[in-house]
Amino acid sequence: MNNRIKLSTVTTYKFGGYCDNFYELNTQDDLNRIESLTNFKKIFILGKGSNIAFSDKGYEGTVIRPNLNDIQYDSEIDEIKVESGYYLPNLARFYKKYSLENAEFLIGIPGSVGGAVKMNAGAYENEFSDIIKSVETYNLETCKFERFTKGELEFSYRNSENLKNKIVISVNLKATPGDPKKINKNLKSYIGYRKKTQPAGIYNAGSVFKNGINYSAGELIDKAGLKGYSVDGVKVSEKHANFFIAPKGSKAKSLYNLVSYVKEKVDAKYGISLEKEILFVGNFE
Ligand SMILES: Cc1cc2nc3c(=O)[nH]c(=O)nc-3n(C[C@H](O)[C@H](O)[C@H](O)COP(=O)(O)OP(=O)(O)OC[C@H]3O[C@@H](n4cnc5c(N)ncnc54)[C@H](O)[C@@H]3O)c2cc1C
């Protein structure tokens, strides 16, 4: 259960030095064994690593990755209970299999259910919180399970509250029967749209900056003439200016510098201070 691991192997950006305390939760029973972990001060909970860049210097604290993948559909109460390690595109496919609607937008988001709760992942005017009923967590401070209603997590654009030092264990989701044709059509159009507008492949973490109420971060970056701009190989995508691509072997620090540069330029040109959506974890100084 305890491993030294190179963090570049567990994120989509493929950045990160070593972590000496990497724990994978393969069953909920493993939680009993991590009680002792609560002595460790710095704990980072990792999903699929699709929204983060770990420092090249590694992570000094403990990383816990829930690898819990159970899913159950109860048609009597129109509810799905899914564990936090479940892969979002597979959740979209599970909904499709039972002709359930409103999860099609998850098809192109390569994260986990736990990460989608924390980030309130969304696309095409849908957010994960739209289908959440309640969330079960494990509190690392009290070593107790807790259940939160959707309201208690105060979801907003790419954000949730009250999850500090808590591992999302499972989520109860609305499972609304829908029209299979419409579900299929949505899935196809979302897949097609991503292919057309976003860079192919991995080595990125989706949108770098959050959009504002009145602006698209990608448009501002584009208009500032920064498409294709690069720092030590890490580059603003030519296809979508809010995606920054890191070729194999590049450094998280280069991404960090590129993000700072783009933020400065956009601020200078438009007086808008872009807010990061991706998370830098560890020491970047
Ligand atoms: C190609 C690509 C496209 C993307 N498109 C979108 C998009 O359209 N919309 C969108 O919203 N995002 C998008 N993303 C970003 C990312 O996939 C989402 O933010 C996703 O929800 C992150 O999930 P994760 O499991 O990878 O979380 P991670 O990146 O591992 O972690 C993200 C945050 O969630 C926390 N976390 C993860 N698991 C748990 C858990 N079990 N309990 C408590 N906290 C946890 C972490 O501590 C961290 O704070 C994209 C990323 C890529 C690479």
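Modeller: Call a residue buried if 20 or more other C-beta atoms lie within 10 Å of its own, exposed if 12 or fewer, and partly exposed in between, with C-beta atoms placed from the backbone. By that count, buried residues make up 41% of the 285 residues in the chain. This is a predicted model: local features need pLDDT of at least 70, side-chain atom pairs count only at pLDDT 80 or more, and totals for chains, interfaces and linings use all residues. Residues are numbered from 1 along each chain as its sequence is written.

Colleague: Fine. What makes the chain as compact as a globular protein of its length?

Modeller: First, the inventory: six helices and 18 strands, read as DSSP runs (H or I, at least four residues; E, at least two) and numbered from the N terminus. The radius of gyration, over C-alpha atoms, is 19 Å, and the globule rule gives 19 Å for 285 residues, so the chain is as compact as a globular protein of that length. That rule is 2.2 Å times the number of residues to the power 0.38. The C-alpha atoms fill a box of roughly 55 × 50 × 30 Å along the principal axes.

Colleague: Why is lysine 118 called buried?

Modeller: Lysine 118 has 24 other C-beta atoms within 10 Å, so it passes the mark of 20 or more. Its place is in helix α3. Leaving out residues up to four places away in sequence, lysine 118 touches Ser160, Leu163 and Val168 (contact means C-beta atoms within 7 Å).

Colleague: And α4, how do you know which side of it the buried residues are on?

Modeller: The buried ones are Ile183, Asn186, Leu187 and Tyr190. They cover an arc of only 100° around the axis, so they sit on the same side of α4; the arc is that of the directions from the helix axis to the C-beta atoms. On the other side, the exposed residues include Lys181, Lys185 and Lys188. Among what covers the buried residues of α4 are α2 (88–97) and β8 (100–101).

Colleague: What span does α4 reach, and what is expected?

Modeller: Helix α4 (residues 180–197) has 18 residues and reaches 26 Å from first C-alpha to last, close to the 26 Å expected, that is, 1.5 Å times one less than the number of residues.

Key: Two residues are in contact if their C-beta atoms, placed from the backbone, lie within 7 Å.
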